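Work through the exercises below with the sequence and the 3D structure open. Try each task before reading its solution.

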Amino acid sequence: MRSVKSGAGYFMVLPYVVYFLTFVAYPLVFSFILIFHRWNVATPMEFIGFKNFVRLFNDELFFKSLFNTLVFLSIHIPLQIFIALFFAQLLNQKIKMKGFFRALYFLPVVVSGVVVTILWQQMYAYETGLINQVLVKARLKRIPWLVSPELAMPSIAVMATWKNVGFYIVIFLAGLQNIPQELYEAAEIDGASGFQKFFKITLPMLNPTLVLVVVLSTIGGFSLFIEPYIMTGGGPMDSTLSAMLYIYNQAFYFNHMGYAATLGFFFALIILAVVVVQRKFIERRIY
């Protein structure tokens, strides 16, 4: 009887094991093997040792794409945290139609990223875009949102924030609702102001949630691909060429599969290092 139950258990986990081996383990192992090979899909793989790493450390364009990604993160993460926490605080108050507003803020998250990107691309258009049309009616100059190397990446960061902020509003809202109300009541008795309660109670108690939001935002930001791919193609002057877009170009545009795998491996190590450093500086134990 016991062996029958054990066999049933193995049978139940079999679909996930097949999924893991097919779509996780095998691609990881194959990608690691590709690091040491030159392969363009059409011809057999050629072992080249560490030449892909030598090429990587001499590839200025990859480091340019990495710098662009860091610029995006430096704008996107603080903006996203500020907006998400602000609206989460509002939605945590006693207001009418709270459920409606929660759904409204989350709506962009469930909309296709391609659809949102095309929508904002039209809004950013220099001649016919809605934003510039409003500026013209206000007797202001048109702004080259996506054709200026200085403005293209910040413009993409604003759009990505609008797309994703609803998800982080929900996370912050869950964190706020887990803070004991007795702490606020005790602070009011002691005469604490609203700012004092926010900085002395809310932020410290939200520290685990803040760490989660920063880590998820960082991983999501490092995965920046759809927005620059559709809106600018990496231009102008490679100012929006993200690391993920560059890896994609090397793999599927130039068919440099081995080099793309090397870039991806190095990029994954960078993401891991950044997340570890972030947690080291942000996370703290709350007593």
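The exercises go from the core to helix packing, then to aromatic rings and backbone angles.

The structure is a predicted model, in which local features need pLDDT of at least 70 and side-chain atom pairs count only at pLDDT 80 or more, while totals for chains, interfaces and linings use all residues. Residues are numbered from 1 along each chain as its sequence is written, and side-chain values use heavy atoms, with hydrogens and water left out.

**Exercise 1. The core**

Task: Find which residues of the largest nonpolar core touch the most other members, and which helix gives the most to this core.

Solution.
Step 1. A nonpolar core is a set of buried Ala, Val, Leu, Ile, Met, Phe, Trp, Tyr and Cys residues joined through side-chain atoms within 4.5 Å. Buried means under 20% relative accessible area, exposed means over 50%, and partly exposed lies in between (1.4 Å probe, protein chains only).
Step 2. The largest such core has 63 residues, and those touching the most other members are F72, Y124, F172, F222, M231, L263 and F267.
Step 3. Helix α7 (residues 152-177) gives the most, with 12 residues. Helices here are DSSP runs of H or I with at least four residues, numbered from the N terminus.
Step 4. Take F267 as a case: leaving out residues up to four places away in sequence, F267 touches L66, F222, A243, M244 and I247. Contact means heavy atoms within 4.5 Å.

**Exercise 2. Two partners of α3**

Task: Describe how helix α3 packs with α13 and with α10.

Solution.
Step 1. Axes are lines fitted to C-alpha atoms, for helices over the stretch in contact, and angles run from 0 to 180 degrees between N-to-C directions.
Step 2. The axes of α3 (residues 60-91) and α13 (residues 257-282) come within 13 Å and cross at roughly 30°. On the α3 side the contact uses F62, L66 and I77, and on the α13 side L263, F266, F267, I270 and Q278. Sorted by class, these are seven nonpolar, one polar and no charged residues. Ala, Val, Leu, Ile, Met, Phe, Trp, Tyr, Cys and Pro count as nonpolar, Asp, Glu, Lys and Arg as charged, and the others, Gly among them, as polar.
Step 3. With helix α10 (residues 207-222), α3 packs at an angle of about 145°, and the axes are 9 Å apart. Residues of α3 in this contact include L66, F72 and I77, and those of α10 include L210, V213 and F222. By class there are 10 nonpolar, five polar and no charged residues.

**Exercise 3. Aromatic rings**

Task: State how many aromatic pairs a search of the whole structure finds, then classify the pair of F86 and F87.

Solution.
Step 1. Rings of Phe, Tyr and Trp (its six-membered ring) pair if their centres lie within 6.5 Å; planes under 30 degrees apart count as stacked, over 60 as edge-to-face and the rest as tilted.
Step 2. The search finds 26 pairs.
Step 3. F86 and F87 lie 5.3 Å centre to centre with 80° between the planes, an edge-to-face pair. F86 is partly exposed at 45% relative accessibility, and F87 is partly exposed at 24%.
Step 4. The pair of F198 and F199 is also edge-to-face, with 5.1 Å between centres and 85° between planes.
Step 5. One aromatic cluster is formed by F32, F36, F50, F53 and F265.

**Exercise 4. Backbone angles in loops**

Task: Locate the cis peptide bond of G235 and P236, and say where R139 and M237 lie.

Solution.
Step 1. Most residues other than glycine have a negative phi, and most peptide bonds are trans.
Step 2. The bond joining G235 and P236 is cis, with omega about -5°, and P236 lies in the loop between α11 (226-231) and α12 (243-253).
Step 3. M237 is found in the loop between α11 and α12, and has a positive phi near 55°. M237 is exposed, at 70% relative accessibility.
Step 4. R139 lies in the loop between α6 (130-137) and α7. Its phi is positive, about 60°, and R139 is exposed at 80% relative accessible area.
Step 5. Just after α12, N255 takes a positive phi of about 60°.

Key. Helix = DSSP H or I, 4+ residues; strand = E, 2+ residues; numbered from the N terminus.
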